[in-house]
Amino acid sequence: MIPPELPVDAALFLDFDGCLVEIAPRPDAITVPPDLPGLLHRLYHRQNGALALISGRDVADLRRYLPDFPGAVSGSHGAELSVAGQPVEAAHDLTLDVAALHRDAARLCAAEPAILIERKPLGVGLHYRADPSLADKVAAMAAELMAHYPGLVLQPAKMAFELRPDGVGKDKALTRLLSMPNFQGRKPVYAGDDLTDEVAMLEAQRQGGFAIKIGEGESCASYRLPNPAALADWLTHAVLGVGTTI
């Protein structure tokens, strides 16, 4: 079902990969549509600042692709938060030897060159998009890593398994943002494409807003759009059209 018009009094939360940009074979190979930065600026002003990115990427990586993004950025599945361009705040109390984690991941995956290791400041992602038959093997590798690094949990994703800090998540990021200025008192609208987004979609709907699933696959979201281009069209209509309320 196609979503209704974006309400002007909503808080808008957007995933990045697979939502604002198309999924690429490698996380560093994505292409940002040329019109996206301007669209996000217009949305930020339309929503009176109630706009945020919530992503599995870390904040620094997101700002590398969208350096002038004016809204809040929650990265690493909610483990990081940066508001109004301010320094990143941690949303966890994990002490992690991330260099050792990355070395151990490289050792485990050395015999499988098709596995892409995404080194993150608070974890690691093991991507098997180049060879989907490796799914079970990658899951076992991620579980082995988790056993040696207390405080990390396994997060399944699209053609990947990630290790991230326990006690965080995109749903908790959404809830935290809703308590902050610009977002407080607004009903959430969340758009995402991945398994990692489902908890945030559910939370947005629980709090009286709605969620939009981008792409195929089962979802708790009440609405669906086929791809990032369709989401961009829906958002563009919002900034050009007349707003409504939930």
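Modeller: A residue counts as buried when its relative accessible area is under 20%, as exposed when that area is over 50%, and as partly exposed in between. The model is a predicted one. P156 has a relative accessibility of 34%, and therefore it counts as partly exposed. This proline belongs to strand β8, which covers residues 152-157. Leaving aside residues up to four places away in sequence, P156 touches F161, L195 and T196. D28 is 128 residues from P156 along the chain, and the C-alpha atoms of the two are separated by 20 Å.

S74 has a relative accessibility of 3%, so it counts as buried. Its place is in strand β3, residues 72-75. The side chain of S74 reaches the backbone oxygen of E80 at 3.4 Å. E80 is also one of the residues that S74 touches, and the others are L53, I54, S55, L62, L81 and A173, again not counting residues up to four places away in sequence. R46, for its part, is buried because its relative accessible area is 15%. R46 is found in helix α1. Its side chain makes a polar contact with the side chain of Q47 at 2.6 Å, and the side chain of R46 also reaches the backbone oxygen of A238 at 2.8 Å.

The interior itself comes next. In soluble globular proteins, nonpolar side chains tend to be buried together. The largest nonpolar core here has 34 residues, and those touching the most other members are L14, L20, I212, L231, W234 and L235. Two or more residues of this core come from each of β1 (10-14), α1 (36-46), β2 (51-54), α2 (59-65), β10 (187-192), β11 (210-214), β12 (223-225) and α7 (228-240). Helix α7 gives the most, with 5 residues. L235 touches L12, L14, L20, L39 and L43, with residues up to four places away in sequence left out. A second, separate core holds 22 residues, among them L101, I115, M141 and L145.

The largest pocket contains about 220 Å³ of space. It is lined by 17 residues, and L20, P33, P228, A229 and A232 are the closest to its centre. Helices α1 and α7 each supply at least two residues of this lining, and α7 gives the most, with 7 residues. By class, the lining of the largest pocket has 11 nonpolar, 2 polar and 4 charged residues.

The second largest pocket has a volume of about 170 Å³. Of the 13 residues that line it, P27, D28, D61, E118 and R119 lie nearest its centre. Two or more residues of this lining come from each of α2 and β6 (116-120). Strand β6 provides the largest share, 5 residues. By class, this lining divides into 4 nonpolar, no polar and 9 charged residues.

Definitions and conventions. Residues are numbered from 1 along each chain as its sequence is written. This is a predicted model: local features need pLDDT of at least 70, side-chain atom pairs count only at pLDDT 80 or more; totals for chains, interfaces and linings use all residues. Side-chain values use heavy atoms; hydrogens and water are left out. Helices (H or I, at least four residues) and strands (E, at least two) are DSSP runs, numbered from the N terminus. Buried means under 20% relative accessible area, exposed over 50%, partly exposed in between (1.4 Å probe, protein chains only). A polar contact is a pair of N or O atoms within 3.5 Å; within protein, one must be able to donate a hydrogen and the other to accept it, and residues adjacent in sequence count only if both atoms are side-chain atoms. Contact means heavy atoms within 4.5 Å. A nonpolar core is a set of buried Ala, Val, Leu, Ile, Met, Phe, Trp, Tyr and Cys residues joined through side-chain atoms within 4.5 Å. On a 1 Å grid over the protein atoms alone, a cavity is a set of points where a 1.4 Å probe fits but cannot get out, and a pocket is an open set with protein on both sides within 12 Å along at least five of seven lines; lining residues have an atom within 4 Å of a point. Grid points are joined across faces, edges and corners, and a volume is the space filled by probe spheres set on the points. Ala, Val, Leu, Ile, Met, Phe, Trp, Tyr, Cys and Pro count as nonpolar, Asp, Glu, Lys and Arg as charged, and the others, Gly among them, as polar.
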